[in-house]
Amino acid sequence: MTQVAVGGRLHFGFSNLSLSHSRLYGALGVALDAPQMSLSATPAASVDAPPAIESVAETVCEQLGVDGVSLQLDQQLPAHVGLGSGTQTALTVATAVADAHNKGIAVREIAPALGRGGRSGIGVGTFEAGGFVLDGGHPTARFTTDRPQDGDWTVPPIAARHRIPDHWRFLLVIPDSEPGRSGDVEDDSIRTAIERAEPAIADRISGLLTRRVLPAIAAGDADRFGAAVAEIGRLNGTWYTDEQGGVYRPPVGELVDSLSGSPAIYGAGQSSWGPTVYGVTDAAHGDAARTAGRAALDAAGIDGTVDLVAGRNHGARVGGDPLDVTAKRA
């Protein structure tokens, strides 16, 4: 039996959505230690899996040329809340099926066939090796406003990766709200945003990345890092204002404003399409950050969960060992 486990991720936004620039998307984010996705796999004559992962398992078995697999979900990431459940689930299934059948697999190579990595490379990058990840985006001329068909792309290359300092923490405030966008609805929203995106916003984000985000993560400065990624998130939100009803989707804006006023939070924003709200902090301010998270929910009159988690500086675990990113498709 094979066991595979991985944590979620935060998505801080894209570097560029304007068709005026040569590279499109270019996402940045961090791997999280929790919440986690984990499952167990054994070879089988056909696919026996929970409905949530059955179709992925069937695709993986077809890609690898194996008969089937029996899968058991041990832990599952909350779906469509901004923590990367789609990519982490798909790649966990692929890795488990391959390992159960003693097949070599490079998740970066199989991801497109599973519909992953078509815009952001953060999910694949954090699954592979964790840490803070900035991906290089896709050639604009190749993607225009439409994502190619599944399998007809390569996952964006990793432009920068840094270790997340051990003392950093990430506050996760997940309000009881409608799930974030996914599937065709997400594709339509992204397409509309790209058609209207102003290149000047991408220019400002580029400056923030090179002069603030990357130096801050390299220096281990949580204060400066939090402020910089929060500003990038706000600028990303201006691209989506018409699609999500504001710079942040309701009720995220109210929560972000509340957290931003806490001295324990160095920067707050919306992860992906939300509704998860993140706050960058550190272990020394962890209790105060939790209190700020609960106070933000109370002030907004919203139920939800508040968690404080560390970053993750390794890829998925396969049988307790780090993922072998040098593996090739069998």
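UniProt positions are given here in the numbering used for this model, with feature names shortened, and such annotations may be inferred rather than shown by experiment. With that caveat, the UniProt record (an unreviewed entry) puts the feature "domain: GHMP kinase C-terminal" at residues 214-296. That stretch is 58% helix and 12% strand, with its end C-alpha atoms 29 Å apart; helices (H or I, at least four residues) and strands (E, at least two) are DSSP runs, numbered from the N terminus. The model is predicted, so local features need pLDDT of at least 70 and side-chain atom pairs count only at pLDDT 80 or more, while totals for chains, interfaces and linings use all residues. Residues are numbered from 1 along each chain as its sequence is written, and side-chain values use heavy atoms, leaving out hydrogens and water.

Now for the packing. A nonpolar core is a set of buried Ala, Val, Leu, Ile, Met, Phe, Trp, Tyr and Cys residues joined through side-chain atoms within 4.5 Å, where buried means under 20% relative accessible area, exposed over 50% and partly exposed in between (1.4 Å probe, protein chains only). The largest such core holds 48 residues, and Leu-10, Leu-17, Leu-28, Val-30, Phe-170, Val-213 and Phe-225 have the most contacts inside it. Elements giving at least two residues each include strands S1 (2-16) and S2 (23-44) and helices H6 (183-196), H7 (199-219) and H8 (222-239). Another core, of 35 residues, lies apart from it, with Ala-41, Ala-49, Leu-91 and Ala-100 among its members.

Asn-16 sits in strand S1 and is buried, at 4% relative accessible area. A polar atom of the Asn-16 side chain lies 2.8 Å from the backbone nitrogen of Ser-18. Beyond its neighbours within four places in sequence, Asn-16 contacts His-21, Arg-23, Leu-24, Tyr-25, Ala-202 and Trp-239.

Asn-16 also turns up in the second largest pocket, whose 18 lining residues include Ser-15, Asn-16, Arg-23, Tyr-25 and Ser-206 nearest its centre. H7 gives the largest share of that lining, six residues. (On a 1 Å grid over the protein atoms alone, a pocket is an open set of points where a 1.4 Å probe fits, with protein on both sides within 12 Å along at least five of seven lines; lining residues have an atom within 4 Å of a point.)

Glu-198, in the loop between H6 and H7, contacts Ser-18 and Trp-239, again leaving aside neighbours within four places in sequence.

Technical notes. A polar contact is a pair of N or O atoms within 3.5 Å; within protein, one must be able to donate a hydrogen and the other to accept it, and residues adjacent in sequence count only if both atoms are side-chain atoms. Contact means heavy atoms within 4.5 Å.
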